[in-house]
Amino acid sequence: MINKNRARRAAGIVVAATAAGAVGVAGPGASAATAGGSPATPASLGVAGLAAPLSGAEVPLSASAKAILAGHGIAVDGTSPQATITATGADTYRNQQWGFDAIDAPAANTVSTGENVVVAVIDTGVARVSEFGSRVLPGTDLIASGDGTNDLDGHGTGVASIIAATTNNAWGIAGIAPNVKILPVRVCAPGGCPLDAVAAGIIWAVDHGAQVINLSLGGVGTPALESAITYAEGAGVPVAASTGNSAKDGNPVLYPGGYDSVVGTGAVNNTRARADFSEFGPQVDVVAPGVGIAMAYPAEKFVLGSGTSQAAPHVAAAMALAKSVKPSVTPAQLRAAIAASAVDLGVAGRDDQFGAGLLNAAGLLKALGAAAAPAPGPSVPAPVVSAVTPVSGSTGGGTLVTITGSGFTSVDASNPAAVRFGSTPAASFTVTSNTAITAIAPAGADAQQITVTNGAGASVNTKVTFTYRAPLGASFTSTAVPLTGGTVIPVTVTGGTAGATAAAFAGERITARVGGVAATVAWVDATHLKVTAPASTRSAALRMQLVHDGVAGPESESAVQYGPAVTAVAPQIVNGGGGTTVKITGAGFAGVDASDPAAVRFGDLNAQSFTVVNATTITAVTPAGLSGPVPVRVTTGGGSSAATVAATVRARAPLGFTVADGTVAKASGGTVVTLTVTGGTVGATPKEFAAESISLLLGTTRISPVWVDATHLKATLPPSATAVTLDLVIVHDTVTGPATPITYVPVVTGLSANTDTTAGGRKVVVRVAGAGSGPAGFRFGDTPAVCTAQAAGAWSCTVPAVSSAGPTWVSFTTASGAVSRFTAAAAFSYTDLD
């Protein structure tokens, strides 16, 4: 198979969808691509709610997909490149379906509604929502298991609804081919779509009765994908696919839209301009509506979506209309008829911006001999105007309006006065269908009747008017407000008036926005208002706009300055010497300039360093030189956070100490040491000492010291089972000072008898402390003794004989080689008396 523009095939160029729905290039070597996601955050229609965007994690190829490919002689290694898509709202919303009219679907539906045709939607699945009635067939799930109706993302359901939503059911939207059956083939999971699974899905769809295939996705070309497209072509099944949304990010060729036997579809907006995100080049065969497209969504919701994902199903639906009235038409014949019947856009003839031009469903059927052009004659009635959207616009003109009604295809598009606002012709207009005209309003004032004229005369509906509103400006003094809003800001109106009375003000329909968020407005007089600042999630200097009945005025020169808020700091006790990492919690931190060292301050000192974790969290390292209570402030373009008790840390000095040279601790405990405090004081009085929250930490043991004076403490050291050296530190609140080692020495804590004759032989129980696993040996003076273990810490020793009487002491050696220190409890005497 020949690829359109094979020389530009961008293998390895990856386009990834962002969480906001925007599209960006991820870079060479990655394995995911997107074709047809939304470049703008979707808007809900009446009912809010969208699925989370795909995560971007790679989805493995399922066993069922491998089996389908193997059954057609296509070998894959199980590591498939990924195609990813993104969810990008009457019939209740029929008046918002400009794309339905733009492709002349109403006229096409007088000839065909897609009866007896099955359209495969190879996507994220298709939910069985009420818009499809019973026309969603059991399909397949090549990611997990099931019949393809488990749509976790919503993208496939929206694509299918553009094709097949039930028409004239007083609910939701109108489908272009409302009588087709949908065959759902799930090849995408939250994470991506293995392109080999897409290939398997194409083959499965062909083998299970699909007569048209829609692919609102894309990625790099693979042998399996190319083979599957060839298989569909050979089976007589036409394929429509999106060309991608990365015109501004490298414009890579995406597949399957880049294959010659696929109708690669780009997107246009409601002015027939190429959507700025829509890719262009030889891979574009035709364009279709792809901006602000109303779609169904799981859980009976409706959304507006934008992207080439939304453009492709317009083409698939038109193919289904053609297949319904001419089942024998081949994919090649369909492609030729689509190109021949398209409405030329841009430069004359085919071009890389629009391909053959804008899809025309009615023209396609006519090109295939399934419809005849209406014969104009003198009996054509005058047009009827039923509504205009929006109903108001700027006095300076330039508002794009959609006029709905009937009889518009009989309007002479070359007559500038055929569409008028009052007595003034529209600046320009386009007849998009028999029921819709888009026009650019001229400059004007007050309310003007909309008139559409054809050869039979002017429309006579005097109720449809377009009201001109002056764009109003807002002048006020820049005001600092909290993120919670609520501050009332006096505003002077410029560029017009707000009404001479409160009643007149209500008729003017004046509202306000601050940073795009609606704000409450109260009338004061003809040129003065009070605007209540709304709550904001952003800490920034935000501009105000007045909106005059839908006409937005210029942004104010002054700003509503939303300062960040600090609600908590942990820990609140920090080392005055710096280096403590604290977590600052609050709101509005997204506006913090990470390159500004003064954006986070402790008192008058900049943080040693800081990291903005998210809009509500900052981690910062305290600087040196802090003392006492210190306010923590965060600064953005909107101002600085307020100093509060919750936004305060208390700096404590790290206290050290010294002890007398040679100080050791008896393993039996009870050693009293005097500490000379350094680096600060412990309070001039016992009461001040208590407020300082000072304790000692010996190893892991907490000790309560006794105050002596401002620079001295006494501590009684606990016992230790082993002769070891432990670090002793002063803890000032939670601030730990430098460590001083304290060595524990083994000691004899008691003797059951302390005398014997020089002949020895007496049994004496020796009690010890700090022996650890046990003494290595005992001595009475310099003479070794034979001892046996008794209870814990007690040994029975036989007093050894000595040559002369006199006092001595009992000692022992630990397994580590430490010799017990002399204490009064270890004193022993030999006598020469029998």
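**Exercise 1. Gln310 and its surroundings**

Task: The side chain of Gln310 reaches a backbone nitrogen at 3.0 Å; to which residue does this nitrogen belong? State also where Gln310 lies and whether it counts as buried or exposed.

Solution. This is a predicted model, in which local features need pLDDT of at least 70 and side-chain atom pairs count only at pLDDT 80 or more, while totals for chains, interfaces and linings use all residues. Residues are numbered from 1 along each chain as its sequence is written, and side-chain values use heavy atoms, with hydrogens and water left out.

Step 1. The nitrogen belongs to Gly307. The pair is judged as a polar contact (N or O atoms within 3.5 Å, one able to donate a hydrogen and the other to accept it; neighbours in sequence count only if both atoms are side-chain atoms).

Step 2. Gln310 is part of helix α7, residues 308-325. Helices (H or I, at least four residues) and strands (E, at least two) are DSSP runs numbered from the N terminus.

Step 3. Gln310 has a relative accessibility of 1% and therefore counts as buried. The classes are buried (under 20% relative accessible area), exposed (over 50%) and partly exposed (in between), with a 1.4 Å probe and protein chains only.

**Exercise 2. The sheet of four strands**

Task: In what order do the 4 strands of the open sheet containing β22 stand, and which residues face those of β22?

Solution. Step 1. The order is β16-β18-β22-β21, and the pairing is antiparallel. Two strands pair if DSSP finds at least two bridges between them.

Step 1. At the edges stand β16 (384-389) and β21 (428-433), each of which pairs on one side only.

Step 2. On one side of β22 (residues 436-440), 5 bridges connect this strand with the antiparallel strand β18 (residues 400-406). Here Thr402 stands opposite Thr438, and Thr404 stands opposite Ala436.

Step 3. The pairing of β21 with β22 is likewise antiparallel and has 5 bridges. Across this pair, Ser433 stands opposite Ala436. A hairpin through 2 residues leads from β21 to β22.

Step 4. As to covering, 4 of the 5 residues of β22 are buried, so the strand is mostly covered.

**Exercise 3. The largest cavity**

Task: How much space lies in the largest cavity, and which element gives the most to its lining?

Solution. Step 1. The largest cavity holds about 70 Å³ of space. A cavity is a set of points on a 1 Å grid over the protein atoms alone where a 1.4 Å probe fits but cannot get out, and lining residues have an atom within 4 Å of a point. Points are joined across faces, edges and corners, and the volume is the space filled by probe spheres set on them.

Step 1. The lining includes Gln96, Trp98, Phe100, Ile162, Ile293 and His314. Two or more lining residues come from each of α2 (98-102) and β14 (293-297). With 3 residues, α2 gives the most.

Step 2. The lining has 7 nonpolar, 4 polar and no charged residues. Nonpolar are Ala, Val, Leu, Ile, Met, Phe, Trp, Tyr, Cys and Pro; charged are Asp, Glu, Lys and Arg; the others, Gly among them, are polar.

**Exercise 4. Backbone features in loops**

Task: Where do Pro256 and Pro571 lie, and is Asp733 buried or partly exposed?

Solution. Step 1. Pro256 is in the loop between β11 (239-242) and β12 (262-268). The peptide bond from Tyr255 to Pro256 is cis, with omega near 20 degrees.

Step 1. Pro571 is in the loop between β36 (565-570) and β37 (573-575). Ala570 and Pro571 are joined by a cis peptide bond with omega about -5 degrees.

Step 2. Asp733 occupies the loop between β53 (725-732) and β54 (735-736). Although not a glycine, Asp733 has a positive phi of about 60 degrees. Its relative accessible area is 22%, so Asp733 is partly exposed.

Step 3. Asp104, also not a glycine, has a positive phi of about 60 degrees. Asp104 lies in the loop between α2 and α3 (105-109) and is buried, with a relative accessible area of 17%.

How values were computed: 1 Å grid on protein atoms, 1.4 Å probe; cavity = no way out; pocket = protein on both sides within 12 Å on 5 of 7 lines; lining within 4 Å.
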